[in-house]
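User: I would like to learn how to read the features of a structure like this one, step by step. Could you take me through them?

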Amino acid sequence: MVNTLDVSFVEKGPWKPDIFKGKVVLVTGGSGTICRVQTEAMVLFGAQAAVVSRNKAKTIATAEELTQLSSYGHVLPLGGVDVRNFGQLQKAVMETVEHFGRIDYVIAGAAGNFIADFAHLSPNAFKSVIDIDLLGSFNTVKACFRELVKTKGSVVFVSATLHYSGVPFQSHVGAAKAGIDALSNALAVELGPLGIRCNCIAPGPIAGTEGMKRLLPAELESKAAEQIPLQRMGTTKDIAECTVYLFSSASSFINGTAIAVDGGAWHIGSTF
Ligand code: HXC
């Protein structure tokens, strides 16, 4: 995978350059498509980043590519970390703080998905997705909590829109993402007084993502786009823009919400 954003994202966009200068973001799932572009955006706007993922080789490659976008040093690869393992996350947080001195922002995005009908979804398969998505999100924020208290930081969870309705063959993911929304809402209320904001981004149909590859065959994309109120598939840049917004001071009173980046698709019952 290669970087999808470049300096034009900063130069031609609505945000000031360097808005995240001196800030540090920790991203789980940073070598996947969605979280990766979120990291690209943060790095382009001056943040330093630690990419936390399971696959070591992929994490190193991602960090090397992201470093090319950074004017403030290299992106830290923390591979071999499974978000289901709290101890591994604690170690990743320790290494991030040793390296960069702080954590301001957290993107909890590590996720797992596959299509499976209920009859063939084993208890362990259901548990695996709940553990990666929901428990993993909890573990991530829990491990970063002390650092977020110090910096009055901000958390963005990567959710989805598929639990806004009933999507067949996705009961495991729908349940996990609904749980993530609930976790975010509760933490927004509980941690708000500490100055920590928690919000969700709920990507809809974003072209070229790992999730879309698993859910929608490429040849059906243009048909799907016709049904979306804004008449197009989403882009990774749409996710990047929303991420920058949610970590910027422009959203300083936004807490405990989920922003659907889906062109309005879920309002017509089109959830992905
Ligand atoms: C049915 C399946 C299955 C499938 C795995 N399982 N794949 N069941 N259909 N296609 C079952 C296994 O048989 C096993 O159950 C259980 O799930 C755990 O499988 P493992 O392979 O042992 O688990 P693990 O190695 O931890 O892998 C987790 C995983 C895998 C989720 C199954 O796909 C993974 O690691 N994915 C990470 C990458 C990924 O999915 N990215 C997509 C993110 S996109 P048994 O009973 O046999 O033990 C995304 C978007 C969501 O999340 C929103 C979309 C709109």
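Analyst: Helices (H or I, at least four residues) and strands (E, at least two) are DSSP runs, numbered from the N terminus. The model is predicted, with local features needing pLDDT of at least 70 and side-chain atom pairs counted only at pLDDT 80 or more, while totals for chains, interfaces and linings use all residues. Residues are numbered from 1 along each chain as its sequence is written. By these runs the chain has nine helices and seven strands.

User: Which helix gives the most to the shell around the ligand?

Analyst: A residue is near a molecule if its C-beta atom, placed from the backbone, lies within 6 Å of it. Here α5 gives the most, with five residues, and both α5 (123-151) and α7 (210-215) supply at least two each. Of the 20 residues around the ligand, Ala111, Gly112, Ser122, Ala125 and Gly211 come nearest.

User: Which residues of the largest nonpolar core touch the most other members?

Analyst: In soluble globular proteins, nonpolar side chains tend to be buried together. A nonpolar core is a set of buried Ala, Val, Leu, Ile, Met, Phe, Trp, Tyr and Cys residues joined through C-beta atoms within 7 Å, where buried means that 20 or more other C-beta atoms lie within 10 Å of the residue's own, C-beta atoms being placed from the backbone. Among the 78 residues of the largest core, Ala49, Val51 and Val106 touch the most other members.

User: What share of the 272 residues in the chain is buried?

Analyst: Buried residues make up 48% of them.

Key
Buried ≥ 20, exposed ≤ 12 C-beta atoms within 10 Å, placed from the backbone.
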